[in-house]
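Dear colleague,

Please find below the structure that I am handing over to you. My notes on what was found in it follow directly after.

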Amino acid sequence: MDILFQQIVNGLVQGSVYALVALGYTMVYGILGLINFAHGEVVMVGAMVALTVLQILLAAALSSVLAVLCSLMVAVAACMALGYGIERVAYRPLRNAPRLAPLITAIGVSIVLQNLAMMIWGREYHAFPMPFSNGLHELGGAIITDVQIAIVLIALLMMAGLMLLIHRSRFGRSMRAVAENPSAAALMGVDINRVISATFMLGSALAAVAGFMVSANYGIVHYYMGFMLGLKAFTAAVLGGIGNLRGAMLGGVVLGLIESLGAGYIGDLSGGFFGSNYQDVFAFFVLIAVLVFRPSGLLGERVAERA
Amino acid sequence: MSFNKISPLLVLLVAVISAGCGKTETQVVQPKDTDELVVKIGASAPLTGPQAHIGKDNENGTRMAIDDANAKGVTIAGKKVRFELLSEDDQTDPKAATIVAQKLVDAKVNGVIGHLNSGTTIPASRIYSDNGIPQISPSATAVAYTAQGYKTAFRVMANDAQQGKVLGEYATKNLGAKKIAVLDDRTAYGQGIADEFVKAAQASGAEIVSRQYTTDKAIDFASVLTSIKGKHPDLVFFGGMDPQGAPMVKQLRALGMKTQFLMGDGGYTPKLIENAGAAAEGTYASLPGVPLDKMQGGRDFSTRYEAQFKQPIQLYAPYCYDAVNVMIAAMQQAGSAEPAKYLPLLGKVVHDGVTAKIAFDEKGDLKGGAITMYQVRQGKWQAVETMGGTAPVAAH
């Protein structure tokens with residue numbers, strides 16, 4: 001029983017990260033109807049920038065709390081700038097082009113970012129320094145670390161903040177307006193370009209936080225870490241209903257749980273025929289199943305809801 | 001256009017990008033001097049991806065041997081020889097390895113040092129064999145590599161049958177493990193060494209309570225390890241390399257498990273300690289051969305390596321160094337760098353290398369390889385015991 005509970009905890013931790021990244025996919029899709037395939041790489045860049053800043057600050061013997069906060073903030077700022085840049089360079093010139101064109105530039109940006117990161121940070125795995133002792137806590141038979149508790153709490157906070165921003169603020173209202181009908185929003189005096197840029201920056205900020213979280217959890221950073229994470233978060237967004245914010249959060253958590261329970265029990269259930277090496281397959285199995293049977297996802301693409 | 005309509009396109013695109021990632025690195029061949037003999041040594045290892053640091057280390061070891069030979073001035077049949085290195089990235093991918101092998105064959109290399117992984121070495125070995133190019137793998141340990149009957153396949157490291165047996169016996173006899181969980185990364189190497197480990201551990205009376213698998217790209221092992229935790233093993237063995245070993249031992253400790261953690265030669269790297277941090281403490285790993293500081297000329301080799309490449313040896317660099325020198329020794333004895341001419345002598349060469357006295361048996365395997373167990377103590381790999389080999393050396 002405590003093993004099942006532990007698997008659920010594992011799934012929730014993983015799912016919170018997927019959810020944060022999935023929000024970035026879904027926000028952009030909601031507004032532009034575009035899949036930003038470079039989003040996974042933004043997560044990676046966030047992790048890499050955080051790593052560099054953290055290394056410098058820790059070497060300068062700054063207090064560990066300050067160092068972690070500073071590196072997180074620099075990573076968020078860097079990713080927001082990157083998100084803005086990606087939109088300006090790769091998507092804005094193609095806004096009225098056929099759907100396939102921005103999809104291809106998205107993949108191009110993804111490859112460029114991966115290779116740039118490889119040139120800057122090298123191709124090996126880097127240890128991500130965590131200046132705190134990572135305490136273990138027992139929770140009904142399951143073990144959870146400080147970092148993992150922080151991941152779940154921060155993810156929840158960020159998601160709550162995002163919902164508030166989109167549903168309660170003036171900026172959120174213009175985002176929803178652009179999502180619903182860009183030309184009507186423009187006629188009402190909404191600066192579409194500004195809203196779109198801001199959406200990219202918001203999604204990238206979430207990605208930077210997610211990048212920091214995965215790195216702190218695994219203690220490892222490398223230049224292609226964003227690729228698989230990005231695909232899985234995309235799957236989570238599709239699972240929840242792409243374009244739907246609540247769907248992305250739900251999809252992330254559900255995907256995390258499916259992966260964790262699936263990988264944990266597939267060996268025993270199939271009598272050893274399939275093993276836990278099929279962990280990554282679950283996400284793509286889910287992706288295909290959703291695309292075939294329920295392309296609108298769990299919560300569907302409610303136009304009024306999307307942002 | 002709705003999302004439904006672009007979704008098949010998306011799946012296709014994802015497939016295309018995942019298949020198309022990767023690139024090669026080629027050394028540019030310099031213009032030749034007419035009065036000297038140019039001998040091209042091919043080398044292949046993963047230079048991108050999770051094992052890039054180990055692959056680069058292999059390339060460095062090979063390069064160092066070639067630089068040394070060029071500096072020393074080797075002559076074959078009275079002609080001065082200049083060695084050239086052609087280094088290719090196989091991405092740890094069996095498919096890419098065959099492409100790389102064909103590329104090296106087409107470039108008319110005189111011999112190949114590689115590949116790093118058993119999973120890439122085995123498919124590539126067929127291409128080298130078909131073209132009669134001698135191949136010495138510094139680090140492929142899968143039994144299958146030399147069991148294919150290819151005359152061109154050699155290795156300068158003990159194989160998995162030798163290593164897995166030592167590991168299995170060490171786990172049960174020296175560490176007293178009774179209930180063992182075994183994981184591997186499903187590569188030819190990981191699977192091979194894990195299977196041999198299981199055989200040896202069971203033969204010495206241990207019970208395998210869980211047999212789990214992962215991949216050589218994974219970094220999340222929480223669910224697999226949780227499932228293992230439910231079986232309460234007193235030792236976890238992982239057949240795989242350090243990119244997975246480091247996060248694995250870290251997550252093992254994060255689940256509050258205090259079991260012993262044991263790996264094969266793929267875990268014996270400074271990177272494992274660097275990436276796993278404090279969680280690495282107490283981890284065991286094996287490495288064929290005697291400890292570097294017990295190797296003849298080992299200390300000198302490591303000083304020179306660090307001076308040239310500004311980093312410590314990761315893993316197999318000394319083995320690559322020896323592999324090149326064995327190849328050169330055979331060429332000198334044959335008086336020719338032609339593969340067909342020196343290949344028959346390669347099996348007979350006895351070379352006093354950095355890692356060991358190297359001689360091959362009739363299959364191309366290393367004769368009588370010693371195996372050393374190491375443990376992480378105070379953040380450093382420390383030799384614990386050396387077993388097997390022609391002259392067993394008692395480490396501290």
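B:Thr92 sits in the loop of chain B that runs between strand E3 (79-89) and helix H3 (94-106). Please bear in mind throughout that this is a predicted model. The phi of B:Thr92 is positive, near 55°, in a residue other than glycine. Most residues other than glycine have a negative phi, and most peptide bonds are trans.

B:His232, which is not a glycine either, has a positive phi of about 50°. Its place is the loop between helix H8 (222-229) and strand E9 (235-239) of chain B. Is B:His232 buried or exposed? With 12 other C-beta atoms within 10 Å, B:His232 is exposed, because the limit for that class is 12 or fewer.

Chain B also holds a cis peptide bond, which joins B:Gly114 and B:His115 with an omega of about 0°. B:His115 belongs to the loop between strand E4 (111-114) and helix H4 (118-130) of chain B.

Regarding chain B as a whole, its secondary structure consists of 13 helices and 15 strands. Of its 396 residues, 57% count as buried. Among the contacts in chain B with a separation of 6 or more, 69% are between residues 24 or more positions apart.

Just after H2(A), A:Ala61 adopts a positive phi of about 60°.

Finally, there is the contact between the two chains, to which chain A contributes 35 residues and chain B 41 residues. On the side of chain A that touches chain B, at least two residues each come from helix H1 (2-32), helix H4 (100-121), strand E3 (142-145), helix H10 (245-269) and helix H11 (279-293) of chain A. H1(A) gives the most to this side, with 5 residues. By type, the residues of this side of chain A comprise 16 nonpolar, 16 polar and 3 charged.

Yours sincerely

Methods: Residues are numbered from 1 along each chain as its sequence is written. Chains are lettered from A and ligands numbered from 1 in the order in which they are written. This is a predicted model: local features need pLDDT of at least 70, side-chain atom pairs count only at pLDDT 80 or more; totals for chains, interfaces and linings use all residues. Helices (H or I, at least four residues) and strands (E, at least two) are DSSP runs, numbered from the N terminus. Two residues are in contact if their C-beta atoms, placed from the backbone, lie within 7 Å. Ala, Val, Leu, Ile, Met, Phe, Trp, Tyr, Cys and Pro count as nonpolar, Asp, Glu, Lys and Arg as charged, and the others, Gly among them, as polar. A residue is buried if 20 or more other C-beta atoms lie within 10 Å of its own, exposed if 12 or fewer, and partly exposed in between; C-beta atoms are placed from the backbone.
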